[in-house]
Amino acid sequence: MGFLSRWPQAPVKSSSRKSLPPKFLPPCPYCGKPLDPAPKRQRKCKACGKNANVLRSSNRRARIVTERAFDAHWRRERDKEWAALQEQAAQATGQGDLQSARMAY
Ligand SMILES: [Zn+2]
């Protein structure tokens, strides 16, 4: 019975499979199920069939949001831009003495 004294089978196979890092899958903003594969811009959720959108903010972090949140975000951004443009225009027309101020230099 010499063979019983040998080492038990080394668990090489199972441990090598376990060592794979778990893939991070962002959850669907509607139903919370993981989106597989992770969306890059927009993906239809397999579980609920709704569109998940990827929103990249200025700090480059991507968020998965609902279509409504996505639209709202870009509407806000557009409003901000528009407000800035209007402010610029108001300054340009309001400060008629801009040229004279430049002449003073
Ligand atoms: Zn879903």
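Helices (H or I, at least four residues) and strands (E, at least two) are DSSP runs, numbered from the N terminus. The model is predicted: local features need pLDDT of at least 70, side-chain atom pairs count only at pLDDT 80 or more, and totals for chains, interfaces and linings use all residues. Residues are numbered from 1 along each chain as its sequence is written.

Next, select the three strands. They form an open, antiparallel sheet in the order E1-E2-E3, where two strands pair if DSSP finds at least two bridges between them. Strand E1 (42-44) and E3 stand at the edges with a single partner strand each, so one side of each lacks a neighbour in the sheet.

Asn 53 has Val 65 in E3 as its bridge partner, and Arg 56 has Ala 62. Five residues lie between the two strands of this hairpin, and Arg 60 in the turn has a positive phi of about 70 degrees.

Finally, select helix H2, residues 67-94. Its 28 residues reach 40 Å from first C-alpha to last, close to the 40 Å expected at 1.5 Å a residue; the expected span is 1.5 Å times one less than the number of residues. How many residues of H2 are buried? The count is zero, a residue being buried if 20 or more other C-beta atoms, placed from the backbone, lie within 10 Å of its own.

Technical notes. A residue is buried if 20 or more other C-beta atoms lie within 10 Å of its own, exposed if 12 or fewer, and partly exposed in between; C-beta atoms are placed from the backbone.
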